[in-house]
Amino acid sequence: LLKFCRAASEMVGVNIIIRFHPSAKAYERMEPKLAIVDNFNKENLFIDNCLTLEESLALSDIVVVGFSSVGLQAIAAGRPLLIFDPFHKDSIGYVEGQAGVAAFSEVELIRILERFLVDNALEVEICNYGQKFIRNRIYGYGDGKACERLLSVILNSQEREPVN
């Protein structure tokens with residue numbers, strides 16, 4: 001968060017919405033994060049604490065994630081994905097799977113975001129990466145019904161009682 005906020009605060013004329021993971025929303029976990037955002041805020045950093053994820057994605061031009069399943073939801077919503085991975089962990093496999101464009105430093109993050117603002121072709125390119133990622137990771141088993149079966153399992157598991 002520190003590295004992202006430092007880089008985001010350098011972006012002139014760009015508003016950045018920061019959405020924390022639900023597990024971080026307990027006050028004792030939020031207080032240090034809010035202090036980091038406040039420290040770098042040049043009136044362009046906003047904390048999203050009232051919109052649904054779907055509303056946030058609909059309002060976004062680009063989605064920046066570290067390691068979060070929100071990246072998959074961003075791809076599904078047709079939003080370009082930027083993976084900020086300064087620690088080279090690639091916890092979800094977004095970088096290795098080329099789900100979007102990766103930035104490994106604050107300088108790269110700013111450079112990519114600035115390029116995104118002026119290069120419309122970059123948005124299409126990044127979205128294509130996301131679609132390819134989904135095709136290769138989920139649909140890439142040569143089985144046309146794989147996605148339908150996965151979705152069915154997910155939907156059915158939400159309807160059943162949890163197993164203890």
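The predicted model contains an open sheet of three strands, arranged in the order 3-4-5 with parallel pairing; two strands are taken to pair if DSSP finds at least two bridges between them. Strand 3 (63-65) and strand 5 (101-103) stand at the edges of this sheet, each with a single partner strand, so one side of each is left without a neighbour in the sheet. From one strand to the next, the twist averages 25°, where axes are lines fitted to C-alpha atoms, for helices over the stretch in contact, and angles run from 0 to 180 degrees between N-to-C directions. Because the model is predicted, local features need a pLDDT of at least 70 and side-chain atom pairs count only at pLDDT 80 or more, whereas totals for chains, interfaces and linings use all residues. Residues are numbered from 1 along each chain as its sequence is written, and side-chain values use heavy atoms, with hydrogens and water left out.

The protein as a whole has seven helices and five strands, these elements being DSSP runs numbered from the N terminus (helices are H or I, at least four residues; strands are E, at least two). Along the sequence, they follow the pattern α-β-α-β-α-β-α-β-β-α-α-α. The protein has 164 residues, of which 32% count as buried; buried means under 20% relative accessible area, exposed means over 50%, and partly exposed lies in between, with a 1.4 Å probe and protein chains only. The accessible surface comes to about 10600 Å², and 55% of this surface belongs to carbon and sulfur atoms, as computed by the Shrake-Rupley method with a 1.4 Å probe, where for residues only the protein chains shown count as cover. Among contacts between residues at least 6 apart in sequence, 51% join residues at least 24 apart, a contact being heavy atoms within 4.5 Å.

Confidence is expressed as pLDDT, the predictor's confidence in each residue, from 0 to 100. The protein averages a pLDDT of 79, and 80% of the residues score at least 70. Confidence is highest in strand 5, at a mean of 91, and lowest in helix 7 (residues 146-159), at a mean of 66. Where pLDDT is low, the predicted coordinates should not be read in detail.

Within the sheet, strand 4 (residues 81-84) is joined to strand 5 by three bridges, the two strands running parallel, and Phe-84 has Ala-103 of strand 5 as its bridge partner. Three bridges also join strand 3 to strand 4, again in parallel, with Val-63 standing opposite Leu-81 of strand 4.

A search of the whole structure finds two aromatic pairs. Rings of Phe, Tyr and Trp (its six-membered ring) pair if their centres lie within 6.5 Å, and planes under 30 degrees apart count as stacked, over 60 as edge-to-face and the rest as tilted. The rings of Phe-4 and Phe-84 have their centres 6.3 Å apart and their planes at 55°, so this pair is tilted. The pair links distant parts of the chain, with Phe-4 in helix 1 (residues 2-8) and Phe-84 in strand 4, 80 residues apart, and both Phe-4 and Phe-84 are buried. For Tyr-94 and Phe-133, the ring centres lie 5.7 Å apart and the planes stand at 65°, so the pair is edge-to-face. Tyr-94 lies in the loop between strand 4 and strand 5 and Phe-133 in helix 6 (residues 120-137), so the pair ties together parts that are 39 residues apart in sequence. Tyr-94 is buried, with a relative accessible area of 1%, and Phe-133 is buried as well, with a value of 5%.

The loop between strand 4 and strand 5 also holds His-88 and Gln-98. His-88 has a positive phi of about 55° although it is not a glycine, and this residue is exposed, with a relative accessible area of 55%. Gln-98, likewise a residue other than glycine, has a positive phi near 55° and is exposed, with a relative accessible area of 52%.

Ala-77 is partly exposed, with a relative accessible area of 38%. The C-alpha atoms of Ala-77 and Cys-127 are separated by 9.9 Å, while the two residues are 50 residues apart along the chain.
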